[in-house]
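Try each task before reading its solution.

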Amino acid sequence: VSDHSQIDRVLLYYRPTRQAMEYSVVTMKCMGKGLYSATIPEEAFTTEFDLIYYFEAIDEYGNGIFYPDPDKEDPHIVIKIRR
């Protein structure tokens, strides 16, 4: 993650593909040099639903951006669960 301004935080949003469920949010840990890491808890994975996630990066001024960019592509990434 990079920006001309300092990055304040990077968030990971995830949930099962069941639309009735709310997203859980994890603040990602900065590992240095623009690299961030987070872990999705094991209990978030079930055989009933796939899992979707996306990221939000926010700079020191409160400006944010989502990845994937919902204006350009599907706004989340899908992890297909083997059944």
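**Exercise 1.** In which strand does Gly64 lie? Then decide whether Gly64 is buried or exposed.

*Solution.* The model is predicted. Start with the strand: Gly64 belongs to β6, which covers residues 64-67. Next, take the relative accessibility of Gly64, which is 52%. Exposed means over 50%. Therefore Gly64 counts as exposed.

**Exercise 2.** Which residues does Gly64 touch, leaving out those up to four places away in sequence?

*Solution.* With those neighbours left out, Gly64 touches Ala57 and Ile58. Now look at Thr39, 25 residues from Gly64 along the chain. The C-alpha atoms of Gly64 and Thr39 are separated by 21 Å.

**Exercise 3.** Count the aromatic pairs, then describe the pair of Tyr53 and Phe55.

*Solution.* Rings pair if their centres lie within 6.5 Å. By this rule there are four aromatic pairs. Tyr53 and Phe55 form one that is edge-to-face, with 5.6 Å centre to centre and 85° between the planes. Tyr53 is buried, at 18% relative accessible area. Phe55 is partly exposed, at 23%.

**Exercise 4.** Why is the pair of Tyr54 and Phe66 edge-to-face?

*Solution.* The ring centres of Tyr54 and Phe66 are 5.7 Å apart. Their planes stand at 65°, so the pair is edge-to-face. This pair links distant parts of the chain: Tyr54 sits in strand β5 (residues 51-59) and Phe66 in strand β6, twelve residues apart. Tyr54 is buried, with a relative accessible area of 14%. Phe66 is partly exposed, with 36%. Finally, ring pairs join Tyr54 and Phe66 with Tyr13 and Tyr23 in a cluster.

Notes. Residues numbered from 1 in each chain as written. Predicted model: local features only at pLDDT ≥ 70, side-chain atom pairs only at ≥ 80, totals over all residues. Heavy atoms only, no water. Helix = DSSP H or I, 4+ residues; strand = E, 2+ residues; numbered from the N terminus. Buried < 20%, exposed > 50% of the residue type's maximum accessible area, 1.4 Å probe, protein only. Contact = heavy atoms within 4.5 Å. Phe/Tyr/Trp six-rings, centres within 6.5 Å; stacked < 30°, edge-to-face > 60°.
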